[in-house]
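The entries follow the order in which I looked.

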Amino acid sequence: MGSPPTQTSTDRPEAPVLDLQEASTVLARLYGIEGELAELPSHIDRNFRVAASSGETYVFKVAYADQPEVLLDLENQAFRCLAKEVPGVAPSLRPDTQGNLAPQVTLDSGQTHRVRLLTWVDGEPLACLADRG
């Protein structure tokens, strides 16, 4: 087994390239959800707040292209654990229409990314709190 992936602050990966329309199209195709999207701040991924037409609210996350799958799996395990231990306080993962928690999608840019959908938890995004630091 090789060394774990590393990343220095100078090796920051490029965020996925997609606009609100493309994000909306991917969301509808993979999750069967339509609604109004708004971009959220993020460190290296692209995140969107989804106000679904059903009345539910979600976070649609698009991981950067080269993010190791093992890191996404670790995050997913953490989300599942937190949702179980503190329901309603931590977001929970929602599978796509095929039952996948982090399906792959090729965007118009030609890059392949993993995406996830989580329930929305009211509050202020962490990135906004960090800006006040």
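Entry 1, ground rules. I am working with a predicted model, where local features need pLDDT of at least 70, side-chain atom pairs count only at pLDDT 80 or more, and totals for chains, interfaces and linings use all residues. I number residues from 1 along each chain as its sequence is written, and side-chain values use heavy atoms, with hydrogens and water left out.

Entry 2, aromatic pairs. A pair of aromatic rings is described by the distance of the centres and the angle of the planes. I counted rings of Phe, Tyr and Trp (its six-membered ring) as a pair if their centres lie within 6.5 Å; planes under 30 degrees apart are stacked, over 60 edge-to-face and the rest tilted. I found 2 aromatic pairs in the structure. One is Tyr-31 with Phe-60, edge-to-face, at 6.2 Å centre to centre and 80 degrees between the planes. This pair links distant parts of the chain, 29 residues apart: Tyr-31 is in helix 1 (residues 20-31) and Phe-60 in strand 3 (residues 57-62). Helices (H or I, at least four residues) and strands (E, at least two) are DSSP runs, numbered from the N terminus.

Why is the pair of Phe-48 and Phe-60 tilted? The ring centres of Phe-48 and Phe-60 are 6.4 Å apart and their planes are at 35 degrees, so the pair is tilted. It also links distant parts of the chain, with Phe-48 in strand 2 (residues 46-52) and Phe-60 in strand 3, 12 residues apart. I noted that Tyr-31, Phe-48 and Phe-60 form one aromatic cluster.

I found Leu-40 in strand 1 (residues 35-40). Is Leu-40 buried or exposed? Leu-40 has a relative accessible area of 17%, so it is buried. Leaving out residues up to four places away in sequence, Leu-40 touches Asn-47, Phe-48, Arg-49, Val-59 and Trp-120, where contact means heavy atoms within 4.5 Å. Leu-40 and Phe-60 are 20 residues apart in sequence and 9.5 Å apart in space, C-alpha to C-alpha.

I placed Leu-71 in helix 2 (residues 69-85). Leu-71 has 33% relative accessibility, so it counts as partly exposed.

Definitions and conventions. Buried means under 20% relative accessible area, exposed over 50%, partly exposed in between (1.4 Å probe, protein chains only).
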